[in-house]
Amino acid sequence: MPLDRTGQTPLVEMRDIRIAFGGVQAVDGVSIDLYPGEVVGLLGHNGAGKSTLIKILSGAYRADSGEIRINGQKIDIRSPADARRHNIETIYQTLALADNLDAASNLFLGREITTALGLVDDARMEAETRKIMARLNPNFRKLKEPVSALSGGQRQSVAIARAVYFNARILIMDEPTAALGVHETAMVADLIKELKSQGLGIFLISHDTREMMELCDRVSVMKNGKLVGTERVEDVTEDDILSMIILGKNPRREAAATA
Amino acid sequence: MTDTSTERGGGPPSSPTAPSRSFLSQLELDLRLLGMLGAFVLVCLVFNLMTGGQFLTPRNIFNLSIQTVSVAIMATGMVFIIVTRHIDLAVGALLATCSAVMAMMQVRWLPELMGWDLGNPALAWAAIAAGLAVGTLIGAFQGALVGYLGIPAFIVTLGGLLVWRNVGWYLTSGQTIGPLNPTFQSFGGINGTLGEGASWIAGLVAALVAVALLFSARANKVRHEFPVKPLWAEIVIGAIVAAAILGFVAVLNAYEVPARVLEREFAARGETVPEGYTAAYGIPYSVLLLIGVAVAMTVIARRTRFGRYIFATGGNPDAAQLSGINTRWLTVKVFALMGFLVGLAGVVAAARLTNHSNDIGTLDELRVIAAAVIGGTALSGGIGTIYGAILGALIMQSLQSGMAMVGVESPLQNIVVGSVLVLAVLIDLIYRRRVGGK
Ligand SMILES: Nc1ncnc2c1ncn2[C@@H]1O[C@H](COP(=O)(O)OP(=O)(O)OP(=O)(O)O)[C@@H](O)[C@H]1O
Ligand SMILES: [Mg+2]
């Protein structure tokens, strides 16, 4: 069901983004976009620059050059707080949780519910956490314990709950299933489909090409900080994507160009 | 994302109506707190035995309390510093600078500038305000060097240790400054106490507030349908807390003002002491100050965003930053708060000695860090409690005073205190491994 996007404003546009760390050009003139209700996959070797690119969108890094538009409007993301203000929520590859705090404190970190006196309202945050967890992961009961006592999957569900609770419009998921078992991976896949149907735009990073073919509408492949290409999944095969990742070019397009 | 495996089997069930739980576990007490209290009680009993009952007299308990205040106040701030994975080696030296500023303000600068009488209470308040401001500013400055310039706190405050003690020296030209203003001295301990009646009132109010807080916390849990401990357990804890508070007041009230001191006081008013008249010291203002600091710091730690961010940053600095927390500014605030508390501790320390001398606060950095660490603050960050640090300070002071009373030579005193510090951390580590995770 390829959607016709002509005339529609993208939810996110990243144009000609560049960033270097010392001598390493981690992201080198990459442009990608994302529409509402769409899942765009980012693929590439280790160190290709995927995480760095999305960290620019989530405010963790600042690009050396390039521009970001949300709903057509040029914006400046200087910090994670800026990104959150634009309803951009991120689930990081390295699960950004404070191990010594419990699930509720992590879920609300940086956005605590406070009482009339301005004190943090732990009871209410715990109740809210209970509610959202009942929806996302009904088996989750370790609300009072520091998240260091949780399994990888449980920690992941805290990170996901945080994004869902705060009504993300743009969701960034950096290898959300890397640490998960089969069952948990399927749950994340279902969740991605549900969120997509609610009209969220999702950037998904994963090394699992099959999973990406199933979940994504389009995939963008990166190599050595550069964008190799962006394809609609129905236009390519898994092998095409693999050769884009490995060779840095799309054999089918090459063939079309020389034909 | 299921967690069936971890929720089944083993361990006590957590439902509110779970039967057959032991008496102690139903009270849901903090085991580490109990352990520290146990250690403290043991230290007190042993010294009491060795001194033939001299250690637990009202007089000695009074002295112990006022000797602990200064280090305990700073230890509460050190908890935040260590929780955020920093250290402050400059507190003792900074205390000297704050004390020097306050002493010079009330004895030299303001009397000369404003022509105020040395006994003018306004001198004390102006001096205290200046001391707190200096402490806060220097703290913030050190925090900025750590947070914004990225110089390790160990280095910044090691430098500070040398710098501030000698800045204090220059402020006073190396002289001892005193005697300090009488109003100022009333924050030192024996020269400023509530007296018997007011102490009882303060104790009753504190006990009532503590019990009210316990029950309002319970009501809040019930409102959100969280499990609560049985009502009797809540009542037992409330009773223990109230008894402890009133017991402490009773002990302080049992320390009577010596007859010759009373005579002097009455004589100053042109009266004589009536037959059979006695008066008790009651709660020192300095101890009230410490209690106020303890309550405020606990509220900050547990109930404010600032406190939440301190612990989050200590647990995972990257996560805190990615959650939108400005960790650099947080570092400045934490060090500024430490500086403020050093200023406050400086008031108490200088007032207790009735004058400012240049060696004031020497080695306090070590006592303060030791108190925080004995109190369960983890140097790896993210973990620590205010009450723990205060108990830690109390345990250290009890050891030191107790050994002095028993007649232990001071080199051996230091050897014991040093060993206790290492041992306390070891026990805490073992405990944490047993409990797991935390
Ligand atoms: N903070 C940093 N400082 C210096 N170099 C960095 C930093 N972050 C990333 N890099 C470099 O930038 C490049 C891209 O890294 P990035 O983490 O974006 O890769 P990735 O595509 O996400 O890889 P993976 O699949 O392994 O997660 C790498 O060469 C990496 O070493
Ligand atoms: Mg990555």
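This is a predicted model: local features need pLDDT of at least 70, side-chain atom pairs count only at pLDDT 80 or more; totals for chains, interfaces and linings use all residues.
**View 1. Residues around ligand 1.** The shell holds 15 residues, and Asn46(A), Gly47(A), Lys50(A), Ser51(A) and Thr52(A) come nearest; a residue is near the ligand if one of its heavy atoms lies within 4 Å of it. By type, the shell divides into five nonpolar, eight polar and two charged residues, where Asp, Glu, Lys and Arg count as charged, Ala, Val, Leu, Ile, Met, Phe, Trp, Tyr, Cys and Pro as nonpolar, and the others, Gly among them, as polar.

View 2. A polar contact is a pair of N or O atoms within 3.5 Å. An N or O atom in the side chain of Tyr61(A) is 3.2 Å from a nitrogen atom of the ligand. The protein covers 65% of the 630 Å² of accessible area that ligand 1 has on its own (Shrake-Rupley method, 1.4 Å probe).

**View 3. The domains of chain B.** Domain 1 spans 26-192 + 287-412 and domain 2 spans 193-283, with bounds from an automatic or database domain assignment. Their centres, taken over C-alpha atoms, are 24 Å apart. In contact (heavy atoms within 4.5 Å) are 15 residues of domain 1 and 16 residues of domain 2.

**Notes.** Residues are numbered from 1 along each chain as its sequence is written, while chains are lettered from A and ligands numbered from 1 in the order written. Local features need pLDDT of at least 70, side-chain atom pairs count only at pLDDT 80 or more, totals for chains, interfaces and linings use all residues, and side-chain values use heavy atoms, without hydrogens and water.

Key:
A polar contact is a pair of N or O atoms within 3.5 Å; within protein, one must be able to donate a hydrogen and the other to accept it, and residues adjacent in sequence count only if both atoms are side-chain atoms.
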